[in-house]
Amino acid sequence: MNTTTRKSHPPLLFLVILLSVFLIAAGAILARTILGAAFHTAPPAFCTHAPELTEAAGGFSLPDYYITNKVTALNRYYIDDQSDLWGYGSNEYGQLGNGMVLEPGETTGAPVKIASGVVSVDCSVNGYFCIYLTADGELYGMGSNMLGLLGQDFDSTNYYCRHDNKVTSPVLLMDQVAYAQAGMESITALKKDGSVWWWGQYMSTYGTTVSDSEDFEKTTEDESNPCKMLYNSPRKILDNCVYAATGDWTGAAISENGDLYTWGLNIFGECGTPVTEDDFIRTPCKVLEDVAMVWPEQIEVNSPLEEIPEQMLYETVYHFNTFVRLKDGTILAAGRRLGDQEKTISLTGDLIAESSHTYSDTFVPVEIRKYSAENIKNLIRRIEIGTDREVVEQYLTANGIQYFYVTNYSEDTREHTENPYEMLTEDQTYFFFFDSENKLTEKGANLHAL
């Protein structure tokens, strides 16, 4: 007798539920995959307004790196087609070189002619001083003589009077100069004979430990000072170089045969050499070969702005990174949020608060992107509520978006502590809130949710 076995089918409702669960799970995996794709399949990204600078094109020519337009939150300096240097904005320290000083907060909107025959100009990000280079190789400076920076005598008994000695007209700092750049409180100069000179001070608002106030307030040279690197007058630090540059806290130079030397702040390995108990590399150290160009902290020559903005953004400044282009065109970087080494520091910004950071003290491949506020907005929109905090961090880093955690102050302990539940992008445009399980609960822009 023939028999037929009847197959059992699961109820339709069960199939619908199973399919729904599958789709939800697949969607979650896909979303996480899309969000994580950037940091799982590509090197970390950094942004610049001038990505063309990282593209190898022809041989090296020093005049290509002359700065002819410099804009900060306080000043603009520019060189016109006639090689005349002009400046306007703040003049609190005499940095416009017109023999005058304005009160803090006062500005001049009319450009002041400073000098003729100028090929390059630079200034402190804080507006303290300005330097310029003439076609015949003379380097001039004006503004704050802070700790002897502009070659004038100064009162070494009181650190807090370092801006009292104001140089209101240009003074000659050095001759036979081929190139020069200004840090926040320092100057780096390359002379025509290939020697590199550095003076002023590197003193970050970040530190491995909280320094003694006596060390902070020292006005004279002391190689053992844990919180600063200071030369009161120009000091030759290298020979046989073709290029030299400085950021606010870190310097770099390229030798005739393409060797890279770095010095200054190395708190996160930004000099490309192992982190030690000393936050500074006080003697230039060879860290790389076959280097075509180097940019401490920011890939930029001329400022992209042509006016002083109402609010200055520092979206393309990476204070704890150094970037290089090798002769074969490869782009590398060293410093914070690269690699998997970790370090906890005690001083965060101007506040005493511990924070932990990953870093690489060797140069690793990175991606350089053109900065776009709209692209940043679109990238942040892709971050889903409920995303793990660590994934958000990795995603932001992978896309060149800098961030930091809000610091809280306790009246009971009188201490500042990092709040791991409130994150801001570096320019404070976007915020992220996390719950106790490190899940994203809210995000927004200027306090309006995206």
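Lys-286 comes out as partly exposed, with a relative accessible area of 38%. Keep in mind that this is a predicted model. The side chain of Lys-286 meets that of Asp-259 in a salt bridge, 3.5 Å from N to O. Since Lys-286 sits in strand 17 (residues 280-288) and Asp-259 in the loop between strand 15 (250-255) and strand 16 (260-265), the pair ties together parts that are 27 residues apart in sequence. Asp-259 is buried, at 9% relative accessibility; the cut-off for buried is under 20% relative accessible area.

Now for another pair. Asp-388 and Lys-439 also join their side chains in a salt bridge, at 2.3 Å from N to O. Here, too, distant parts of the chain are linked: Asp-388 belongs to the loop between helix 3 (373-381) and helix 4 (389-398), while Lys-439 belongs to the loop between strand 25 (430-434) and strand 26 (440-445), 51 residues apart. Asp-388 is partly exposed, at 26% relative accessible area, and Lys-439 is partly exposed at 30%.

Asp-215, Lys-218 and Asp-222 are connected through a network of salt bridges. Within it, Lys-218 pairs with Asp-222, and their closest N and O atoms are 2.6 Å apart. Lys-218 is partly exposed at 25% relative accessible area, and Asp-222 is partly exposed at 22%.

| Salt bridge | N to O distance |
|---|---|
| Asp-222 and Lys-218 | 2.6 Å |
| Lys-286 and Asp-259 | 3.5 Å |
| Asp-388 and Lys-439 | 2.3 Å |

These pairs are among the 13 salt bridges found in a search of the whole structure.

Technical notes
Residues numbered from 1 in each chain as written. Predicted model: local features only at pLDDT ≥ 70, side-chain atom pairs only at ≥ 80, totals over all residues. Heavy atoms only, no water. Salt bridge = Lys/Arg side-chain N within 4 Å of Asp/Glu carboxyl O. Buried < 20%, exposed > 50% of the residue type's maximum accessible area, 1.4 Å probe, protein only. Helix = DSSP H or I, 4+ residues; strand = E, 2+ residues; numbered from the N terminus.
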